[in-house]
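Me: I would like to take a close look at a single part of this model. Please treat it in one connected account, with the cut-offs behind each term.

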Amino acid sequence: MTMFASAATAQTSQTRGTTREAQELVRLESLAIAQGLKRQDVGLLDELIVRYQHRLLRYLLYLTSNREQAEDLFQEVWMRVMLRGGQFNGKARFDTWLFTVARNLVIDLRRKRTMSSLDEMFEASGDDDRPSGIEIAADNPSPFDQCASGEDRDRLAAALLQMEPLYREVLVLRFHEDLSLEEIANVTRAPLSTVKSRLYRGLASMKPKLVEGFES
């Protein structure tokens, strides 16, 4: 084995070790949060609100496209966490469970007001949106990767708000919240193939919107 090969092997082993350590820390933190919520630890709840408030409100804003509605739901989500936090078992990341609670509340609200859920809206959007076996290329920069400056982020947000809700939701969870495809599938209760299809189609539909933004 050459020196370079040995160095590469060592680096790979170190990376794997670091990844395992990070995963273990996340697992222990999730279990600690689960135990605290079962005890109804008010101090823990305050810490969680401070830590996740911006991400949660952003997610709700993208789901509802309505600031007032998002803020009302934001309060309701934390009330639900306080009252039903014992349902969180710590087997998944807390943010995944939090976004699931938020999404369910949005669906409940839509059913009450319009008798339609996010999934029903998706199903009604046409045959071209049905799940497919498309794989996402991980090495190609996405529109999110290409929009780094503050001005570009404004264009990105505007483009997201023009999209179908379910495409927008998957893009926000993947690129804003950094959830894995499997975690997104858990939040949205959709098959992994459906999540991949929504992500692919969302990225594809976003590109012309961003081009229009840059040309305008």
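Which residue takes a positive phi just after helix 9, and of about how many degrees? Please continue from there to the neighbouring helices and to the salt bridges.

Reply: The residue is Arg 189, which takes a positive phi of about 55 degrees just after helix 9. The model is predicted, and local features need pLDDT of at least 70 while side-chain atom pairs count only at pLDDT 80 or more, although totals for chains, interfaces and linings use all residues. Residues are numbered from 1 along each chain as its sequence is written, and side-chain values use heavy atoms, with hydrogens and water left out.

Arg 189 is not a glycine, despite its positive phi. It is found in the loop between helix 9 and helix 10 (192-215). Helices here are DSSP runs of H or I with at least four residues, strands are runs of E with at least two, and numbering starts from the N terminus. Arg 189 is exposed, at a relative accessible area of 65%; buried stands for under 20% relative accessible area, exposed for over 50% and partly exposed for values in between, with a 1.4 Å probe and protein chains only. Gln 40, which is not a glycine, also has a positive phi of about 55 degrees. This residue lies in the loop between helix 1 (3-38) and helix 2, and Gln 40 counts as exposed at 56% relative accessibility.

Helix 9 itself is mostly covered, with 6 of its 8 residues buried. These are Leu 181, Glu 183, Ile 184, Ala 185, Val 187 and Thr 188.

Part of the surroundings of helix 9 is helix 8. Axes are lines fitted to C-alpha atoms, for helices over the stretch in contact, and angles between N-to-C directions run from 0 to 180 degrees. Angles under 35 degrees are roughly parallel, those over 145 roughly antiparallel, those from 65 to 115 roughly perpendicular, and the rest oblique. The axes of helix 8 and helix 9 are 10 Å apart, and the two helices pack at an angle of about 135 degrees. Helix 8 is therefore oblique to helix 9. The crossing of helix 8 past helix 9 is right-handed; a crossing is right-handed if the near helix is turned clockwise from the far one by less than a right angle, and left-handed if anticlockwise. Contact means heavy atoms within 4.5 Å. On the helix 8 side, Glu 169, Val 170, Leu 173 and Arg 174 meet Leu 181, Ile 184, Val 187 and Thr 188 of helix 9. By class, this contact has 5 nonpolar, 1 polar and 2 charged residues; Ala, Val, Leu, Ile, Met, Phe, Trp, Tyr, Cys and Pro count as nonpolar, Asp, Glu, Lys and Arg as charged, and the others, Gly among them, as polar.

Helix 8 also packs with helix 2, at an angle of about 160 degrees and with axes 9 Å apart. Helix 2 is thus roughly antiparallel to helix 8. Helix 2 passes helix 8 in a right-handed crossing. Arg 58, Tyr 59, Tyr 62 and Leu 63 of helix 2 make the contact with Arg 168, Glu 169, Val 172, Leu 173 and His 176 of helix 8. Here the classes are 5 nonpolar, 1 polar and 3 charged residues.

Salt bridges connect several of these parts. A salt bridge is a side-chain nitrogen of Lys or Arg within 4 Å of a carboxyl oxygen of Asp or Glu. The search of the whole structure finds 11 salt bridges. In one of them, the side chains of Glu 177 and Arg 58 meet at 3.1 Å, N to O. Glu 177 lies in the loop between helix 8 (165-176) and helix 9 (181-188) and Arg 58 in helix 2 (residues 42-64), so the pair ties together parts that are 119 residues apart in sequence. Glu 177 is buried, with a relative accessible area of 3%, whereas Arg 58 is partly exposed at 28%.

Arg 103 counts as buried at 1% relative accessibility, and Glu 169 counts as buried at 1%. Salt bridges that share partners join Arg 55, Arg 58, Arg 93, Asp 95, Glu 177 and Glu 183 into one network.
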